[in-house]
Each structure stands twice: as C-alpha cells, then as structure tokens.
Amino acid sequence: MHTQLCDQLGIEFPIFAFTHCRDVVAAVSRAGGFGVLGAVGFSPEQLAVELDWIDEHVAGKPYGVDIVIPGKYEGMGELDPETLAEQLRAMVPETHLQFAKRVLADHGVPELPEGESNSLQLLGWTAATAAPQIEVALRHDRVRLIANALGTPPADVIAEIQGSGRLVAALCGSPHQARRHHEAGLDIVIAQGGEGGGHTGDVGSVVLWPQVVKAVAPTPVLAAGGVGTGEQIAAALAMGAQGVWTGSLWLTVEEADLPPAQKKQLLDATSRDTVRSRSFTGKPCRMLKNDWTDAWEADDAPEPLPMPLQYMVSGDCVARSHRYADKALPVMFNPVGQVVGQLERVNRAADVVQRLVEEYLEAVDRLNVLSQL
Ligand SMILES: Cc1cc2nc3c(=O)[nH]c(=O)nc-3n(C[C@H](O)[C@H](O)[C@H](O)COP(=O)(O)O)c2cc1C
C-alpha cells in the first residue's frame, strides 16, 4: 500500500482520516495513517488548544488540518470583511428563522439557556474566518498538510502554506474543479464521489476517481467517497489514486466524541438512509435523512439560503440537538456517506486501520491469483 505520498508525508499507509475529533486524529496518525482535523467549527483559540493536544498525543507523527474557504459564497468579494458577520445576518429572512424554530418546537427540543443561542452565528466558512485558523495551523510543526473543502484556495493562501514547507490539498467533485486545483499548483487533489459524507457532488466515486486522476496527472489524487474497507482501497489504488481520504468511517470509532445515541443511529442506518440536502449549510451535503431534511423538502418550506446564510438559520438546531441529543435525534445534523451501511460496530481507530490494511492485502492477493490464471 506504500505510495509516493507516504514518503512525502512520512506515513506508513496512505489512509487519510477526516474527523472533527482530536482523539481520532491522533489515534489514526499513531497507527500509521494520516489524521486530519476539520477546523471549521473551532475558533482560532479553540483550534490552538486542539492542535496543542494533538501534538502531545501523536507520538511525533504527522497530521493535517482541514479548513473551509468556499470558491463561492454569498457576499463574496462584495461585503466589507470588517463587518461581514453583521451584514450577512441582515440578509437572513425572518421566515427562515421561524420555520427552523417551528421544526424544533414540533419535536419538543428545548431552547438553549438564555445567552447561549447559536442563532445567526457565522461559522468559519469564508476566507476571512479561515485565515486565522491557517495562522494557528502553521504554528504547529507536526501539521504537514492543509486541505480546503469547497474550492481552490486563494493564491496567497497556497503560497503561504507551501512556503512553510507543507503540502496543500483541496477536495473536488468533478474533473473541471480538479483541473482548477491543478492549475493553481495544489500538491494533492482529493476526488470525492457523490456517495461520500458531507459536501459532495452527484457523480459516483467509481466514475469520478479515474477521470480526476487523468485530468490532473501527475499530481497525486486521493480517492474519497464510499471507502470503508480495504477492498475499496485496492480499487482506488488500481484506478491510479495514491491513497484514500475517508470521513464517515471514523464517526463510530471508540475515540469519536459523538453522543452514544447518535453513534447507535449511524450503526443502525443502511446505505439508503442518506440524502444530499442543502437544508443545513446551503450547499448540497450528504447526511442522514431525517425529519429536518424532510421538512425543508415539503411544499410549505422556504428554499434553503446560499452558504453561509443557511447555517445562520440551522446553527441553532445543531447546537440544541447536541445539547439535547435524546430528544433531537430526528432533527440532528448528521453528515455521513452511503458507507454508513457498512458500519456495524464500535472499534478502536487503530483496529480500523489494521483491518483496512489486512483487507487490502487480501484483495491484492485475489487479483494476483487471477493474473496467474
Ligand atoms: C461528519 C462529516 C463532516 C465533514 N466535514 C467536512 C469538512 O468540514 N471539510 C471537508 O473538507 N470535508 C468534510 N467532510 C467530507 C470528508 O472530508 C470526506 O471527504 C468524506 O467523508 C469522504 O467520504 P466518506 O464519508 O464516504 O468517507 C465531512 C464528512 C463527514 C462524514
């Protein structure tokens, strides 16, 4: 399973694990893979605390940080960065806020205590909010890769990361986006098929991966979307990828900090229980289908707002459902891919890495037997 990227990053297996949980990042990197911390929900101060903790627990291994600078978002390049949050807040219609409130009230989810409301908060989903996160990441030596979620990062961001001796990557869902990354000089392109969890396009992995490999050669490609077993890793490497970028797989590991009820919900779900919906973030995002996603599809529902406005509406639901998980399961934001149907039990992250490697070797053996027939 050793590819050129393993040497470049100093890792044993080209298994990249996206997660919002620092324990999972450290566990995967210690096990020979490459943990990547999703920074979007953290303030720069919180991010510094998380990365300091990972540094202490990662046994000197490398890891990555994922930021979100969308290629396109509401008000981009038009609004004054100084007062961005206030200007965006003024653009959120009251109808959307009331609709979201009603969906939660209908499910009996309590309001947050006075002063803790998460309504109308701007998440790190603009160039301005991501910049301080990058500064924090670059102060941590073990961070060897910075990835961007929703578009090609601006040229100055790429130059800053590469100038610090680190690699810069970005996700894409089409050969067209991949070419833009390639032309901007990114070190790695992550091709995410539509079955993947989180923000995703609508072309499936088996079709997308080889197209992207061809479009950006010789830039290394990581295959994302639907990888949950070593056989799938073998398939990705056979199609020319230099590794796999996984997300859903790590939601149910022992180290993941999801409430137990949410983990159980994921373990019980089948591959048909997810939907691509704009109802939480404003961009198509694959998640568990539930009463919230259904409500926003109903005839009386307002059209979800563009990013980042929709999260200013749904952020309160996310915060309330974390606080009151027992009541809020039917409306919870639960990004996950179709690979959820392959998740059956809670295991330690290191055991998952080990399983992937063993299954990969078995798959390669099967192919070797075939080639000798
Ligand atoms: C809960 C969850 C949250 C995600 N959030 C982000 C994110 O903030 N930034 C990002 O680049 N990708 C995000 N993704 C996508 C992952 O990075 C990865 O590309 C995807 O999970 C791969 O498909 P898979 O879920 O089938 O493994 C998220 C995925 C999940 C499951």
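Buried means under 20% relative accessible area, exposed means over 50%, and partly exposed lies in between (1.4 Å probe, protein chains only).

Two notes before moving on. This is a predicted model, in which local features need pLDDT of at least 70 and side-chain atom pairs count only at pLDDT 80 or more, while totals for chains, interfaces and linings use all residues. Residues are numbered from 1 along each chain as its sequence is written, and side-chain values use heavy atoms, with hydrogens and water left out.

Show the strands as a cartoon. Strands (E, at least two residues) and helices (H or I, at least four) are DSSP runs, numbered from the N terminus. Eight strands close into a barrel, in the order E1-E2-E3-E4-E5-E6-E8-E9, with parallel pairing. Neighbouring strands of this sheet are turned by 25 degrees against each other on average, direction ignored. Axes here are lines fitted to C-alpha atoms, for helices over the stretch in contact, and angles run from 0 to 180 degrees between N-to-C directions. Two strands pair if DSSP finds at least two bridges between them.

Pick E5 and E6 next. They run parallel and share four bridges. Ala-170 has Val-189 in E6 as its bridge partner. Then go to E1 (residues 15-19) and E9 (residues 243-246), parallel strands joined by three bridges. Here Phe-16 is partnered with Trp-245 in E9.

**The open sheet**

Select E7, E11 and E10. In that order, these three strands form an open sheet with antiparallel pairing. Its edge strands are E7 (198-199) and E10 (274-277), each pairing on one side only. E10 pairs with E11 (residues 285-288) over four bridges. Find Arg-276, which stands opposite Arg-286 in E11.

**Helix H9**

Select residues 205-216. H9 has twelve residues and reaches 16 Å from its first C-alpha to its last, close to the 16 Å expected at 1.5 Å a residue. The expected span is 1.5 Å times one less than the number of residues. Colour its buried residues: Ser-205, Leu-208, Trp-209, Val-212, Val-213, Ala-215 and Val-216. They sit on the same side of H9 because they cover an arc of only 165 degrees around the axis. That arc is taken from the directions from the helix axis to the C-beta atoms. On the face turned away, look for exposed Val-206 and Lys-214. The buried residues pack against E5, H8, E6, E8 and H10.

**Trp-292**

Jump to H12 (residues 291-297), where Trp-292 is placed. Its relative accessible area is 0%, so Trp-292 is buried. Beyond four places in sequence, its contacts (heavy atoms within 4.5 Å) include Ala-100, Phe-280, Cys-317 and Pro-330. Its side chain makes a polar contact of 3.2 Å with that of Ser-279. A polar contact is a pair of N or O atoms within 3.5 Å; within protein, one must be able to donate a hydrogen and the other to accept it, and residues adjacent in sequence count only if both atoms are side-chain atoms.

**Gln-133**

Finish in H6 (residues 127-138), at Gln-133. Gln-133 is buried, at 2% relative accessibility. Its side chain reaches the backbone oxygen of Phe-42 at 3.0 Å.
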